[in-house]
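Colleague: I'd like to learn how to read a few features off a model like this one. Can we go through them together?

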Amino acid sequence: MREAEISHISRKYESYRLRDTNREKYLLQSILEHGVRKPLQCVQADTQEYQYVLLDGFKRLRCCCKLKLSMVPVVSFGTDEAGCILLLLRASNERNLSTLEQARFVDELHSRYGLSVGEIADALECSKAWVSVRLGIIGEMSPVVREAVFSDRFPLRS
């Protein structure tokens, strides 16, 4: 674990995670009282602009920004972005990653990194059906609806 400047952390996957303004309020108060207890989980970036790409800890990062903190604790899972996304997905049951959040990351692995349904299923030790369902969920959502759901402007239960 190390400290990193907030400005050196890329938030490119922030829209892949669901927002929950109520949980964020409680987290803000907790960070104010106790500091950041759990480090942000990142992959090391391969660009000059950013040192890290954030995968897990977006609520913590937003709270730190609201509190005008400049440094946050981070832990890096390595330099292979696709591999780190796979690690995040493997641990998703323990980390409360929702089905929609899993779907966004599975879609990223499929569309951006070119992994097939079988390759993703093998890497995650799950069925091809599990992967296909998640790809189907994202494939059926329009970009407008997807953005509204993930930004907490449109209720997930709808």
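This is a predicted model: local features need pLDDT of at least 70, side-chain atom pairs count only at pLDDT 80 or more; totals for chains, interfaces and linings use all residues.

Colleague: Next, disulfides. How many does a search of the whole structure find?

Modeller: The general idea is a distance test: two cysteine sulfurs have to be within 2.5 Å. Searching the whole structure gives 0 disulfides. Take Cys42: its nearest cysteine sulfur belongs to Cys84, 9.6 Å away. Cys64 is in no disulfide either, with the sulfur of Cys63 as the nearest, at 7.0 Å.

Colleague: And are those two cysteines buried or exposed?

Modeller: Buried means under 20% relative accessible area. Cys42 is buried at 0%, and Cys64 is buried with 0% relative accessibility.

Colleague: Now the charged side chains. How many salt bridges does the structure hold?

Modeller: You look for a side-chain nitrogen of Lys or Arg within 4 Å of a carboxyl oxygen of Asp or Glu. By that test there are 11 salt bridges here. One of them pairs Lys12 with Glu81, with the closest N and O atoms 2.8 Å apart. Lys12 sits in the loop between β2 (9-10) and α1 (21-34), while Glu81 is in helix α3 (residues 81-90), so the pair links distant parts of the chain, 69 residues apart.

Colleague: What about the exposure of those two partners?

Modeller: Lys12 is partly exposed, at 37% relative accessible area, whereas Glu81 is buried at 12%.

Colleague: Which other residue forms a salt bridge with Glu81?

Modeller: Arg112 does, with the closest N and O atoms 3.3 Å apart. Arg112 lies in the loop between α4 and α5 (117-124), 31 residues from Glu81. With 46% relative accessibility, Arg112 is partly exposed.

Colleague: Where in the chain are Arg17 and Glu101?

Modeller: Their side chains meet in a salt bridge, 3.2 Å from N to O. Arg17 is in the loop between β2 and α1, Glu101 in helix α4, and 84 residues separate them. Both count as buried: Arg17 has a relative accessible area of 10% and Glu101 has 4% relative accessibility.

Terms used
Residues are numbered from 1 along each chain as its sequence is written. Side-chain values use heavy atoms; hydrogens and water are left out. Buried means under 20% relative accessible area, exposed over 50%, partly exposed in between (1.4 Å probe, protein chains only). Helices (H or I, at least four residues) and strands (E, at least two) are DSSP runs, numbered from the N terminus.
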